[in-house]
Amino acid sequence: MSRMEAQRESMASAITQLEKKHKMETDSLHALQESSQALSLQVLASEQRAARAEADLRIEREWRTSMQENEVLNKEQISELQQQVKQLSDDSKQLGKANVELEKLRSQWAEDQRTLEELGVQLSVNKLQISELREKLTGNHRPPDAANDHELGANGGGGWTPDKIVSKCTGCEKEFSITRRKHHCRSCGKIFCSSCSEHVAPLPVAMDQQTKDGGKPVRVCDHCWEKLTAK
């Protein structure tokens with residue numbers, strides 16, 4: 001009996017130890033499972049961080065590539081702008097030269113205009129002198145008797161009115177000047193401007209013999225022209 005009890009106690013002790021060992025192994029397994037889960041979570045978090053880092057790296061690479069492309073484009077634009085600035089500088093120089101030439105041309109044009117005006121004045125004076133010489137060469141004449149003072153002339157006797165005593169046109173009464181010249185009417189002998197003596201007509205035979213115009217049409221005032229053509 002004592003032997004069996006001893007075996008029973010030995011077996012009970014062995015079972016107790018096995019149970020303890022099983023419990024320890026079970027606890028260790030649970031700990032390992034928890035540790036494995038924690039490691040899995042850490043691995044997942046690491047993978048997520050790696051994915052984010054890779055995405056950030058890809059974005060950074062794309063950004064750098066874009067920056068490089070923009071830098072190349074900016075360099076090209078800067079080069080084009082520099083060429084445009086150089087062209088504008090050259091154009092500005094050419095414009096400055098053109099302005100200088102333009103000022104010279106304007107000055108020359110103004111000088112030519114003054115010269116033309118002086119020549120025009122001189123030409124008018126020369127024409128006036130030629131007209132006066134022609135009138136002097138024509139000779140004095142007396143128109144036929146007339147019924148009014150316009151036909152008799154400024155001196156009241158129908159003679160050739162001297163240039164010196166007349167300053168206004170007998171017809172329109174405008175002042176004579178370099179551009180408004182004096183003209184004698186070959187019929188009445190009075191002095192008119194060109195507008196009031198623009199007609200020509202042959203004089204009557206008796207008067208033509210006095211003026212020695214040879215029957216040619218001569219300058220007459222409007223009043224005498226109406227009278228001569230009415231006949």
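Modeller: Go ahead. This is a predicted model, and the structure holds 0 disulfides, which is a handy place to start.

Colleague: How do you know that Cys 188 is in no disulfide?

Modeller: The nearest cysteine sulfur is that of Cys 185, 3.6 Å away. A disulfide needs two cysteine sulfur atoms within 2.5 Å, so at 3.6 Å Cys 188 is in no disulfide.

Colleague: And what about Cys 224, which sulfur is nearest there?

Modeller: That of Cys 221, at 3.4 Å.

Colleague: Which residues touch the most other members in the largest nonpolar core?

Modeller: Cys 185, Phe 192 and Val 220, out of 16 residues in that core. Strand E2 (191-192), strand E4 (218-220) and helix H4 (222-230) each give two or more residues to this core.

Colleague: Moving to charges: how many salt bridges does the structure hold?

Modeller: There are 5. One of them pairs Arg 64 with Glu 60, N to O at 2.7 Å.

Colleague: Why is the contact between Arg 64 and Glu 60 called a salt bridge?

Modeller: The call needs a side-chain nitrogen of Lys or Arg within 4 Å of a carboxyl oxygen of Asp or Glu. Arg 64 and Glu 60 come in at 2.7 Å, so the pair qualifies. Both lie in helix H1, 4 residues apart, about one turn of the helix.

Colleague: What makes Asp 27 and Lys 23 a salt bridge?

Modeller: Their closest N and O atoms are 3.3 Å apart, and the limit is 4 Å, so the label applies. This pair also sits in helix H1 (residues 2-138), with a spacing of 4 residues, about one turn.

Colleague: Why does Lys 23 count as exposed while Asp 27 is partly exposed?

Modeller: Exposed means over 50%. Lys 23 has 53%, so it counts as exposed. Asp 27 has 39%, between the 20% and 50% limits, so the label is partly exposed.

Colleague: How do you know that Glu 103 forms a salt bridge with Arg 106?

Modeller: The closest N and O atoms are 3.4 Å apart, and with 4 Å as the limit the pair therefore counts. The two are 3 residues apart in helix H1, about one helical turn. Glu 103 has a relative accessible area of 46% and Arg 106 has 49%.

Colleague: What does UniProt list for residues 78-108?

Modeller: The unreviewed entry gives "coiled-coil region" there. In the model, the span is 100% helix and 0% strand, and its end C-alpha atoms lie 44 Å apart.

Colleague: Last one: what pattern does the protein chain follow along the sequence?

Modeller: It reads α-α-β-β-β-α-β-α, from 4 helices and 4 strands.

How values were computed: Residues numbered from 1 in each chain as written. Predicted model: local features only at pLDDT ≥ 70, side-chain atom pairs only at ≥ 80, totals over all residues. Heavy atoms only, no water. UniProt positions renumbered as here; feature names shortened; annotations may be inferred. Core = buried A, V, L, I, M, F, W, Y, C linked by side-chain atoms within 4.5 Å. Buried < 20%, exposed > 50% of the residue type's maximum accessible area, 1.4 Å probe, protein only.
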